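Trainee: I have a model open and would like to go through it with you. Can we start with the terms and then move to the residues?

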Amino acid sequence: MDVFLVLTRGDEILLALRSGTGYADGLWNLPSGKLEHEEDARTAMIREAHEEIGLHLVVEEVHLASTIHHRNPTGTTRVGLVFTTAHDPATHGIPLNAEPHKCAGIAWFRLDELPPDTDRYSVACVQAFRDNVPFALSGFTETP
């Protein structure tokens, strides 16, 4: 199970540039991660936000926006929960690159103008958030 954070600042979201991980390196993606053993999804999202971008989120501020069933080009499938919160510097702190060994940098981008080199899984998460849909498929072809 994957967790993604759509951290908003007005009409912008925060993305991180993957580097040195062996997966999607050189691509922008949402702050994200995987659940640890016996961890619930919301706790995982709060932990990942702190580990990756140094934010201090609380449970009441993190809301489920969508679920994405994603298939990558090799056919491997994943399920991701997309959480959202509006950035409040006074309570969350200022985002920073807390994992420079896995991330080449972070930046704010307009929700409607993601960089062309954004990972497909993250693009699907952002689109589901923008469309306000509770569930979306990514990487699957439609069947009749």
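Mentor: Burial comes first: buried means under 20% relative accessible area, exposed over 50%, and partly exposed in between, with a 1.4 Å probe and protein chains only. This is a predicted model, where local features need pLDDT of at least 70, side-chain atom pairs count only at pLDDT 80 or more, and totals for chains, interfaces and linings use all residues. Residues are numbered from 1 along each chain as its sequence is written, and side-chain values use heavy atoms, with hydrogens and water left out.

Trainee: How many aromatic pairs does a search of the whole structure find?

Mentor: The search finds two. Rings of Phe, Tyr and Trp (its six-membered ring) pair if their centres lie within 6.5 Å; planes under 30 degrees apart count as stacked, over 60 as edge-to-face and the rest as tilted. F4 and Y121 make an edge-to-face pair, at 4.5 Å centre to centre and 65 degrees between the planes.

Trainee: Which elements hold F4 and Y121?

Mentor: F4 is in strand β1 (residues 2–9) and Y121 is in helix α3, so the pair ties together parts 117 residues apart in sequence. Helices (H or I, at least four residues) and strands (E, at least two) are DSSP runs, numbered from the N terminus.

Trainee: And is F4 buried or exposed?

Mentor: F4 counts as buried because its relative accessibility is 4%. Y121 is buried too, at 5%.

Trainee: What about the pair with W28?

Mentor: W28 pairs with F109, again edge-to-face, with 4.9 Å centre to centre and 70 degrees between the planes. W28 sits in strand β3 (residues 28–29) and F109 in strand β7 (residues 103–110), so far as sequence goes 81 residues apart. W28 has a relative accessible area of 14%, so it is buried. F109 is at 18% and therefore buried as well.

Trainee: Changing topic: how do β5 and β6 pair?

Mentor: Strand β5 (residues 63–71) and strand β6 (residues 77–86) are antiparallel, with eight bridges. Two strands pair if DSSP finds at least two bridges between them.

Trainee: Which way does β8 run against β5?

Mentor: Parallel: four bridges join β5 to strand β8 (residues 135–138). I68 has A136 as its bridge partner in β8.

Trainee: I clicked on S66. Where does it lie?

Mentor: S66 lies in strand β5. S66 counts as buried because its relative accessibility is 1%.

Trainee: What does S66 touch?

Mentor: Leaving out residues up to four places away in sequence, S66 touches G80, L81, V82, A128, V133, P134, F135 and A136. Contact means heavy atoms within 4.5 Å. A polar atom of the S66 side chain lies 3.4 Å from the backbone oxygen of P134.

Methods:
Polar contact = N/O pair within 3.5 Å; in protein donor to acceptor, adjacent residues only side chain to side chain.
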